[in-house]
Amino acid sequence: MKKIGVYIHIPFCIHKCSYCDFYSVTELSLTERYFSALKEQILSFKYFLKDCVADSVYIGGGTPSCVDSKYIVDLMNTLKTVIKFVDKPEITIESNPGTLDSTKIKDYLFCGINRISMGLQSADDDELKMISRIHNRSEFESAYLLARILGFKNINVDIMYALPGQKEETLLKTIDYVTALQPEHISFYGLRVEEGTPLSRQYDLLDRIPDEDTQYNMYIHAAKRLENAGYSQYEISNFSKKRMMCRHNCRYWKSGDYIGFGPGAASFIDGELYSYSKDIKSFIQKPTDRLGNVEKSEILTINQQATQYVMLGLRLARGIESKEYKNRFGRDLEIDYGEKMEKYIAMKYAKRTEKGFRLTRAGLLVSNTILSDILDFETK
Ligand code: SF4
């Protein structure tokens, strides 16, 4: 049996946050038709998935918590008919604290969801308004405590830095506030101004985004604060308590197999990488038309898979390992990357480990630059 991760995209949001470029729509009137199409798509994969077993499921979006939880329960029931699960799978749902209530939380637990991710972003109400979030800190706190009381033993909270007008002081207050609540996992992302988002045209706000040096200090100091509070960094943007890393996301970073459902969802299975087009209306019309809905599809050669392993593996605090590289791709990590990494080791952006290479915290922050420099060998 092949172990895989399953990603299911719920492309609805009550309101689009100004900085967000994830695929989602605010036409909640499409909910019924969307879930019926999604069910059809998942059922059509029954034969394909007969030899697979899911060890993680991630219901993401969009905002999965903005739809009636009866759709999520039905979705989980459908999934259970097409794929087997490992003994203790990790099953996550993403949520916006402004859209949670006790019925939804109970339904999630009832259908087997055992991990909930909550987008707080900031504990400062002015900062939340600045990025047009629909909730405030007190609504987040109520939703968080409700999830805890009703039975969630694995909660992630998302925090953002480099927000317009944000000071290191307010960021650290957010970190202290969240760590005092003791979630099992904290994701800590820097704001990115994505082309085409409302934020990219809000010049007054863009002017207030902290400069690069301030962002560097924010990241380094916040990461230290998280560590002092008992959270270990295991990826550029992810911190967790002991043994509470997100299994599903680790699968992506370790180049493991996963299958995605819904518009915009990506899959990587048996070396084939493909993603569905970001178009809910065409998805509703032809959910099982895999070729028609596929936007990009590529069979990765073994060397391209090796490059992907390095690209994703260097995001992880543990880094990349020679033995694994040799076993999976038949290549020598030292020959492919030894010389290139020396430059970054000298700059204190990277380190040799007993098993291979890893980036330092300062290196993780500039990993895009490092990767675009080192990932240039022949990949065909
Ligand atoms: S709620 Fe999440 S997915 Fe929806 S617009 Fe805001 S950030 Fe994007």
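**View 1. Separation of the two domains in the predicted model.** The C-alpha centres of domain 1 and domain 2 are 28 Å apart. Domain 1 spans 2-252 and domain 2 spans 302-374, with bounds taken from an automatic or database domain assignment. Residues are numbered from 1 along each chain as its sequence is written. In this predicted model, local features need pLDDT of at least 70 and side-chain atom pairs count only at pLDDT 80 or more, while totals for chains, interfaces and linings use all residues, and side-chain values use heavy atoms, with hydrogens and water left out.

**View 2. The interface between domain 1 and domain 2.** Contact (heavy atoms within 4.5 Å) links 13 residues of domain 1 with 10 residues of domain 2. The two domains bury about 1,100 Å² between them, 59% of it on carbon and sulfur atoms; buried area is the accessible area (1.4 Å probe) that two parts lose on being put together, summed over both.

**View 3. Salt bridge of Glu-235 with Arg-315.** The side chains of these residues form a salt bridge at 2.6 Å, N to O. Between the domains, 2 salt bridges are counted, each a side-chain nitrogen of Lys or Arg within 4 Å of a carboxyl oxygen of Asp or Glu.

**View 4. The side of domain 1 that touches domain 2.** Two or more residues each are given to this side by α8 (212-228) and β7 (232-235). Helices (H or I, at least four residues) and strands (E, at least two) are DSSP runs, numbered from the N terminus. Helix α8 provides the largest share, 6 residues.
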